[in-house]
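Here is a friendly briefing to read with the model open beside you. Have a look at the fold, then follow the notes topic by topic.

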Amino acid sequence: MNDHFDVLIVGAGSAGCVLAARLSENPNLRVGLLEAGSPATDPDIAIPQQWPLLAGRDYDWGYRTTPQAGTAGRSHDWPRGRIIGGSSCLHAMAHVRGSPEDFQAWSDATGSARWSYAGLLPAFRRLESFSGGSSEHHGADGPLPVWLPDAELSPLVRAYMAAAMASGIAWLGDHNAGRLVGVAPNSLTIRAGRRVTVADAYLDGVRARTNLTVVSEALVHRLMLSGTSATGVIAEISGKATTLEAGVTILCAGAIASPLLLMRSGIGPAESLERAGVQCITNHPGVGENLHDHLLTAGNVYRAKKPVPLSRLQHSESLTYLHSDDLTRADGAPDVVLGCVAAPTVTECFARPAMGSAYTILSGVTHPTSRGRITLTGPAVMTHHHPVGTCQMGRLAGSVVDADLKLHGCERLFVVDASVIPAITSGPIHAAVIAIAETFAADFASLHY
């Protein structure tokens, strides 16, 4: 294995796989991709209906929040993928870009139209192979299948969508066609009945490139710094301490691990680092701040009068985004979401009814106002598996990276993952994370670092 790379990517999750594939298209760049976990071998990962059972297995980091006053003092599981493909191996496969209005906060924070919806649309189109073909909203030639099901939908979910429309909620049909408010089945990253992870889509076909090195079981301890420049990482690879040098280092470890890696390297809030016994090299108060996530209820579980057919998809087949003060309004960014799950979904506080005997109506807040932080002693927030914001992009005090996703005050170091999102999108963040990575990759050759 090389010990020097032109580009070293830390984390083979969704963003990391995209960058490894796109940047290694340039044969003159030696690209390294480090992942703390191993390649995916669990056959359940590929079965869409199995996703609720994957958390807690040996490829889940198994994070857990501290007790939350706002949820009756409960602690909450926070699954994150420790595996090549990252959390795209664990998530529910719904592909929702968000409302176009969501991205105005990104553009405002950075002063760059690159992060507006119009600026990101080429990346959203470039990443997908949409089942409905190419259009002004969709791409048909990208690596990731985005499938909008029809005949496969549960009869229960069809009844749910019909009931929503009978209540005056507009038919949308597609969450990714220019607006988000209304009724639609979920678009899914599924092909031929099997989950497609970002590693499947982006990485599998390029692993043979001679300028790309993918290293699994590589736990990065800290960054190497020379003055104000990042020069590589110190990692443990298959149990052996290793130093890897890099011209450019890109953190793609996610909203939890990326800020923790910065802090372990002495970059973060000085007072917090000192309490943890870490020498502060660069006082960066924004690192680990602005943590937020979608809050979902486990919902109302209804016992059915007749058997509920098992989902042919991934149980959660339809999300309906709404304005809570006007169900008939179809424009703008929603503030709540309802979801129909063709299965019983409960928290740890309740006994789960048997599969086929009940279904669930979920509800959630799309734009939470609560903010938390990541520190070297553990997160202090409530989450529902869409953490963002801990290395937020922007140009004002408190931001961590600039509009190019370069760390403020540090050369040759970038962060490209969910942590840079300054304000969460209305829906699941996975589509937006891939678009961030695609946009960064497209601009990489022109960046000054």
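Leaving aside neighbours within four places in sequence, Leu 251 is in contact (heavy atoms within 4.5 Å) with Val 10, Leu 223, Ser 258, Leu 261, Leu 262, Leu 413, Phe 414, Val 415, Val 416 and Asp 417. Leu 251 sits in strand S13; helices (H or I, at least four residues) and strands (E, at least two) are DSSP runs, numbered from the N terminus. This is a predicted model, in which local features need pLDDT of at least 70, side-chain atom pairs count only at pLDDT 80 or more, and totals for chains, interfaces and linings use all residues. Residues are numbered from 1 along each chain as its sequence is written, and side-chain values use heavy atoms, with hydrogens and water left out.

- Leu 251 counts as buried, at 0% relative accessibility; buried means under 20% relative accessible area, exposed over 50%, and partly exposed in between, with a 1.4 Å probe and protein chains only.
- Between the C-alpha atoms of Leu 251 and Glu 217 there are 16 Å, and 34 residues separate the two along the chain.
- Tyr 321 belongs to strand S18 (residues 316–322) and counts as buried at 2% relative accessibility.
- Beyond four places in sequence, the contacts of Tyr 321 include His 175, Leu 180, Thr 366, Ser 426 and Pro 428.
- Tyr 321 and Ser 99 are 222 residues apart in sequence, while their C-alpha atoms are 9.6 Å apart in space.

**Nonpolar cores**
- A nonpolar core is a set of buried Ala, Val, Leu, Ile, Met, Phe, Trp, Tyr and Cys residues joined through side-chain atoms within 4.5 Å.
- The largest one holds 92 residues, and Leu 19, Leu 203, Ile 250 and Val 416 touch the most other members.
- Helix H8 gives this core its largest share, nine residues.
- Ile 250 has contacts beyond four places in sequence that include Val 7, Leu 19, Val 416, Phe 440 and Phe 444.

**Covered helices**
- Nine of the 10 residues of helix H1 (residues 14–23) are buried, leaving the helix mostly covered.
- The buried residues of H1 include Cys 17, Val 18, Leu 19 and Leu 23.
- Among the elements that cover them are strand S1 (4–10), helix H5 (198–203), strand S13 (240–251) and H8.
- Helix H6 (residues 254–264) has nine of its 11 residues buried, so it is largely enclosed by the rest of the structure.
- Ile 256, Ser 258, Pro 259 and Met 263 are among the buried residues of H6.
- Gly 266 follows H6 and has a positive phi, near 90 degrees.

**How H3 meets H8**
- Helix H3 (residues 117–127) and helix H8 (residues 430–443) have axes that come within 8 Å and cross at roughly 105 degrees; axes are lines fitted to C-alpha atoms, for helices over the stretch in contact, and angles run from 0 to 180 degrees between N-to-C directions.
- H3 and H8 are therefore roughly perpendicular to each other, a term for angles of 65 to 115 degrees.
- Residues in this contact include Leu 120, Phe 124 and Arg 126 of H3, along with Ile 434, Glu 438 and Thr 439 of H8.

**Loop residues**
- Most residues other than glycine have a negative phi.
- Met 93, in the loop between strand S4 (77–78) and helix H2 (104–110), has a positive phi near 75 degrees and is buried, with a relative accessible area of 0%.
- Asn 290, in the loop between strand S15 (282–283) and strand S16 (295–296), has a positive phi of about 65 degrees and is buried at 13%.
- Thr 41 lies in the loop between S2 and strand S3 (63–64) and counts as exposed at 72% relative accessibility.

**Confidence**
- The mean pLDDT of the chain is 94, and 98% of its residues reach 70 or more; pLDDT is the predictor's confidence in each residue, from 0 to 100.
- Over residues 379–384 pLDDT stays under 50, and the model has 30 contacts beyond four places in sequence for them.
- Where pLDDT is low, the predicted coordinates should not be read in detail.

How values were computed:
Angles under 35 degrees count as roughly parallel, over 145 as roughly antiparallel, 65 to 115 as roughly perpendicular and the rest as oblique.
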